[in-house]
Amino acid sequence: MSQYIAAIDQGTTSTRCIIFNHAGQVVACDQKEHTQIYPQPGWVEHNPLEIWVRTQEVVAGALTKANLTAQDIAALGITNQRETTLVWDRATGQPIYNALVWQDTRTADICTELARDGGQDRLRTKVGLPLATYFSGPKIKWLLDNVAGARARAEHGELCFGNIDTWLIWNLTGGASGNAVHVTDVTNASRTMLMNLQTLDWDDEILQLMGIPRAMLPRICSSSEIYAQVKPTLNAQRSPLNLGGVPIAGILGDQQAALFGQTCFSPGEAKNTYGTGCFMLLNTGNQPIPSKHGLLTTLGYKIGNQPAVYVLEGSIAITGALVQWLRDNLGLIQQSHEVETLAASVADSGGIYFVPAFSGLYAPHWKDSARGVIAGLTRYINKGHIARATLEATAYQTREVLDAMNADSGVPLTALKVDGGMVRNELLMQFQADVLGVPVIRPIVAETTALGAAYAAGLAVGFWQQIDDLRANWGKDREWQPAMPADHRAILYRGWKKAVTRTFDWVE
């Protein structure tokens, strides 16, 4: 009997394969980074073929570390960086261009033009999203408009669009060799700006508005069902697909996967994931709730034939990526984890604020024209203060999102479940509790994104029978209580709000 579930977690900077047991514990993990491509300011790309190779490598690596074969794996779940957009040739499997990453801002003019009639929120009632460079729809339009011959080929059914989940499943099920499965799930589809939140199908009026042929789009499925089996045949790199015959049974965008892995199954439960960006999701139940405070209304998950579950989401573009920037661009640290030691070398930020609007501002401001600033600099400031302001920026941005979430939901959050790579940073977690004024709770299994994809796949094949089985797996590792006086919290946050205004309208 198959004793394990595998999850592919394809993120912005790396790809992982994690194998879980029935208790939701990590049995083995393998991870590899891929190249970040910056052709010009504001442009961010990935090589889809490199991501596919890395995916195969980490699957093989995880199985080898655990001494397992495909026969030991009951199902495969997939979770992915959302909104990252690619288009490929249906016959050859070759991308027509690099993938446009969710952070990429080259579609600003497209979004501005679409907003001329009806404003930035003209599509929000249908899709729950503002017109912004973040989402996939304008990225597809850019590719069709700027790659020679792409639009005609798309209209003739020769091209496939997919976010990374769709690309991986297409390749895992045979790719250009034939009969590949071209699907996505409701959570990823809800991030394209092309799916109607009520019908859970592509919206023909929006497709016509953006000039996107329906023929190139994947079929929208639930987040937990058996989509296909991994093909055991040789792939283009002439290496065996190590999970041949295993059913692919779960798909969730990475932030929805973290919500699922944190077992936030009841309305009012929320989580915050600290990764390249930062994403807070609040379960709002079976009806979408329009946001009046700059949040996104989007799909949380859909299990088989059960009703869809919706969420309010606050998306922050740059959090962990700011630490990487200190490391790679400024050389202030050699490894990312060193930021905590450097930040702890000073008592506070010295009065500076670092607003990392590198790709504009996401929730709750939605200003593509914003750019990053460090405000309040004096001769007193050293690299320790900059490191501390880097961490504090994540906490302040999260506070802005939480305030908006409280206002939209009408239910003040009493505690925040957290996950992602930055939650091991004790200084950040304490400051986060201080700035929010509520406890911050880290689970025992911090790999909640991959775990959520594993849970979705396991439910589809009966590895877990019901969501109550998943709740029983969740356990608390650490809790941080707020220790900052309320008046000091208010002073610091007022300074942050002032610094944010300094980023506005930098790009004319």
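Student: Which residues of strand 13 are buried on one side, and which on the other?
Tutor: This is a predicted model. Strand 13 covers residues 270-274, and five of its five residues are buried. Buried means under 20% relative accessible area. Both faces are covered: one side holds Ala270, Asn272 and Tyr274, and the other holds Lys271 and Thr273.

Student: How many residues link strand 13 to strand 14 in the hairpin?
Tutor: Strand 14 spans residues 278-285 and pairs with strand 13 in the antiparallel sense. Five bridges hold that pairing. The hairpin between strand 13 and strand 14 passes through three residues.

Student: What is the bridge partner of asparagine 272 in strand 14?
Tutor: Asparagine 272 is one of the buried residues of strand 13. Strand 13 and strand 14 run antiparallel. Across from asparagine 272, the bridge partner in strand 14 is methionine 280.

Student: Do strand 13 and strand 19 run parallel or antiparallel?
Tutor: Strands of a sheet pair through backbone hydrogen bonds, in one sense or the other. Strand 19 covers residues 416-419, and three bridges join strand 13 to it. Lysine 271 faces lysine 417 of strand 19. The two strands run parallel.

Student: Which strands are the edges of the six-stranded open sheet?
Tutor: The order in this sheet is 3-2-1-5-12-11, with mixed pairing. From one strand to the next, the twist averages 25°. An edge strand pairs on one side only, and here the edges are strand 3 (26-33) and strand 11 (224-229).

Student: What is the bridge partner of arginine 16 in strand 3?
Tutor: Strand 2 takes in residues 14-20 and runs antiparallel to strand 3. Seven bridges join the pair. Arginine 16 has as its partner in strand 3 glutamine 31.

Student: What angle does helix 1 make with strand 3?
Tutor: Helix 1 (residues 48-66) packs on the sheet. The strands touched by helix 1 are strand 1, strand 2, strand 3 and strand 5. The direction of helix 1 and that of strand 3 make about 150°.

Student: At what angle does helix 14 run to strand 12?
Tutor: Helix 14 is residues 448-461. It lies across strand 1, strand 2, strand 5, strand 11 and strand 12. Its angle to strand 12 is about 135°.

Student: Which elements give two or more residues to the lining of the largest cavity?
Tutor: The whole structure has three cavities of 30 Å³ or more. The largest has a volume of about 90 Å³, and 14 residues line it. Those giving two or more residues are strand 16 (309-316) and helix 12 (383-409).

Student: How many residues of that lining are nonpolar, polar and charged?
Tutor: Nearest the centre of the largest cavity lie Ile316, Leu361, Tyr362, Ala363 and Gln397. The lining as a whole divides into nine nonpolar, four polar and one charged.

Terms used: Residues numbered from 1 in each chain as written. Predicted model: local features only at pLDDT ≥ 70, side-chain atom pairs only at ≥ 80, totals over all residues. Heavy atoms only, no water. 1 Å grid on protein atoms, 1.4 Å probe; cavity = no way out; pocket = protein on both sides within 12 Å on 5 of 7 lines; lining within 4 Å. Points joined across faces, edges and corners; volume = space filled by probe spheres on them. Helix = DSSP H or I, 4+ residues; strand = E, 2+ residues; numbered from the N terminus. Nonpolar A, V, L, I, M, F, W, Y, C, P; charged D, E, K, R; others polar. Pairing = 2+ DSSP bridges. Axes fitted to C-alpha atoms, helices over the stretch in contact; angles between N-to-C directions. Contact = heavy atoms within 4.5 Å. Buried < 20%, exposed > 50% of the residue type's maximum accessible area, 1.4 Å probe, protein only.
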